[in-house]
Amino acid sequence: MSAGLAALLDDVAALARMAAASVDDVAAGASRASVKAAGVIVDDTAVTPRYVEGFRPDRELPVIRRIAVGSLRNKLLFILPAALVLSELLPRLLTPLLMVGGAYLCYEGAEKIWEAIGPQHDRTEAPAGAEGPEREDELVAGAIRTDFILSAEIMVISLDEVTDEPLLSRALILVVVALAITAVVYGAVALIVKMDDVGVRIARTGDGAAASLGRGLVAAMPIVMSVLSTVGIAAMLWVGGHILLVGLDDLGVSAPYDAVHHLEEDVHDALGAVGGIGAWLTNTAASAALGLLVGAAVVAAAHRRGGKRPH
């Protein structure tokens, strides 16, 4: 009887070790996948606050919550099942799909640059909060549609990083990635959007250094939003261009990738101790240049045909 109990305990211990290893594998896979999708995450975080501009302070967090719920629904109910089915049945389609999403990111980045410098850049719109609940619903729907593209990129990039894992592990990793990234992105968005309100409250209720800090937060937020907008544009061009660069290489068109890789090596060798940083900046700049070139071509074609932005 004791021998049987000992064997049972050994089996339980072995199962516990396997479960712990599986949890570690899922955590490690989610970490790798999230890091690989970091550029799109930055873009998502930078893009979303503009959908909340103009709302009354009491509507900002509810609007962010609605967008976050829509984002999670996009990831878990639509993108994740489709991505898993494709990875099982048609894995060769993942690279072309990634490239389509990358081209869209390039388009978005180039379109934002055109909006800033083109003839329509000085147009102003009425604050969203002044236009009633219908306008709020419209903007939330637009934000969720844009998030669908960014979320699809995040999930497919994440999936591409863990394609060697078993199906169940892949599914669990993507669920963890979806939950973690949604929490991080929309938590950061809420913090950014409400920071000026926090500053106002500190300035009104504090004194001395605290009041100065509050006034500084209020004064800094327009700068932060402007920087975020610029970072978002740069991230879209960089990530989109890099996806296209790597995708072309995977599809057998290796000349652009090889040229950038050789340039990275030359910069790395020339800069010595800081060669790694220089090589990364070289790859980033080349990817962004490719992204801008592709995005500008798509924007020109869309405007020539009278196309409108998809949101």
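1. Buried here means under 20% relative accessible area, exposed means over 50%, and partly exposed lies in between, computed with a 1.4 Å probe on protein chains only. The model is predicted, with local features needing pLDDT of at least 70 and side-chain atom pairs counting only at pLDDT 80 or more, while totals for chains, interfaces and linings use all residues. Residues are numbered from 1 along each chain as its sequence is written, and side-chain values use heavy atoms, without hydrogens or water.

2. Rings of Phe, Tyr and Trp (its six-membered ring) pair if their centres lie within 6.5 Å, and planes under 30 degrees apart count as stacked, over 60 as edge-to-face and the rest as tilted. By this rule there are two aromatic pairs. In the tilted pair, Tyr-104 and Tyr-107 are 6.1 Å apart centre to centre, with 50° between the planes; both are buried. They sit three residues apart in helix α4 (residues 94–117), and are therefore separated by about one helical turn.

3. The rings of Trp-238 and Trp-280 form an edge-to-face pair, because their planes stand at 75°, with centres 5.9 Å apart. Trp-238 belongs to helix α7 (residues 209–250) and Trp-280 to helix α9 (residues 275–304), so the pair ties together parts 42 residues apart in sequence. Trp-238 is partly exposed at a relative accessible area of 25%, and Trp-280 is also partly exposed, at 48%.

4. Helices in this note are DSSP runs (H or I, at least four residues) numbered from the N terminus. The buried residues of α9 include Gly-275, Gly-278, Ala-279 and Gly-291, and what covers the buried residues of α9 includes α4, α7 and α8 (255–271).

Definitions and conventions:
Helix = DSSP H or I, 4+ residues; strand = E, 2+ residues; numbered from the N terminus. Contact = heavy atoms within 4.5 Å.
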